[in-house]
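Good morning, everyone, and thank you for making time for this. Please bring up the sequence and the structure, and I will walk you through them slowly.

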Amino acid sequence: MDKMVEEVEKTKKEWDEAYSKTQQHIKEIQEYGNSTMEETKNKNSLPRLNGLAQDGLALLNSLQFNLDLLAPQLPTGDEVQSAKALLKTWRSQSRSLRMNLRNANLQAKDNMRKTAQKERELLLGGGEESTVRRRNLQTKAGMTSAAESITESLRHTRQLMVQEVERSTNTLMTFEESTGVLKKAESEYKGHRSLLSRTRNLLSTMQRHDVIDRIVLVVGFIFFSCAVLYVVSKRIGILKLQRTITTAIKAGMAGKPELARKAVEEGINQGRFDGNVVPDKGLPLQQPMRDEL
């Protein structure tokens, strides 16, 4: 069998299955609401049935499109004509299903209205059946309220858990940032610590140099003071010696050898006069001396 023919047969089989399921869903929609409210809640809801029916119609449209693509590719002309005729039939059936779906929804709404009116009459009426139904409804209303309360509590718990998860995430991010800051501070502290150690060494060296400089200055000042004292003492001694010699010379020139002797004893150690003293020749004291040489 040709491959295109196989594809067409497969499409036909899928169409039959999808068509029967869609009809079943439309029938369920049409009968929806005929039973009591309790029985209706146990069945599929009307929106779900409509969704299933719409899915079935969409699948039928897809199968029509596939058949429209495969029909021109069939090997014989009769098969092509048969496929096109089948395609027209499918389109007609699809339109019919859409109309049936619309009518089924209208019928379902009418059924629900009638069922609700019947339930209201039973609740407002008297009798044991009405009392039992009201009691059941009250019990179910309490259960529904409790279930809603539990659901709300669970929803609130879930929100709290989500908030806690977000808070934990933010805390972890903060911890990571703090860890990075601490690592950076640690590296900076290590750099500052090495800088401080070098600074401490420099300060110690400067203190040693300061002590050495103070010692050098004190020693230098002491040496300088000694030198100054020495020079001053020597200068004073020389001046005194010069003054003594001058006095001795003047005393010798004036013929007072005792003064010369006293001056020698006071200012000159182991000094003595030799014959170089100028003799007294009756020259006045104020007469200037001349060198005989």
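Let me begin with a term that I will need throughout: a residue is called buried when its relative accessible area is under 20%, exposed when that area is over 50%, and partly exposed in between, with a 1.4 Å probe and only protein chains considered. What you see is a predicted model, in which local features need a pLDDT of at least 70 and side-chain atom pairs count only at pLDDT 80 or more, while totals for chains, interfaces and linings use all residues. Residues are numbered from 1 along each chain as its sequence is written, and side-chain values use heavy atoms, with hydrogens and water left out.

The chain has six helices and zero strands, where helices are DSSP runs of H or I with at least four residues, strands are runs of E with at least two, and both are numbered from the N terminus. Of its 293 residues, 17% count as buried.

Now to the salt bridges, of which the structure holds seven; the term means a side-chain nitrogen of Lys or Arg within 4 Å of a carboxyl oxygen of Asp or Glu. One of them joins the side chains of R91 and D68 at 3.8 Å, N to O, and this pair links distant parts of the chain, since R91 is in helix 4 and D68 in helix 3, 23 residues apart. R91 is partly exposed at 36%, and D68 is also partly exposed, at 37%.

Another salt bridge, at 3.9 Å from N to O, brings together the side chains of K190 and E186, which both lie in helix 5, four residues apart, or about one turn of the helix. How exposed is E186? With a relative accessible area of 44%, E186 is partly exposed, and K190 is partly exposed at 45%.

Finally, an unreviewed UniProt entry annotates residues 215-233 as a "transmembrane region", although such annotations may be inferred rather than shown by experiment. Over this stretch the chain is 100% helix, and the end C-alpha atoms are 26 Å apart.
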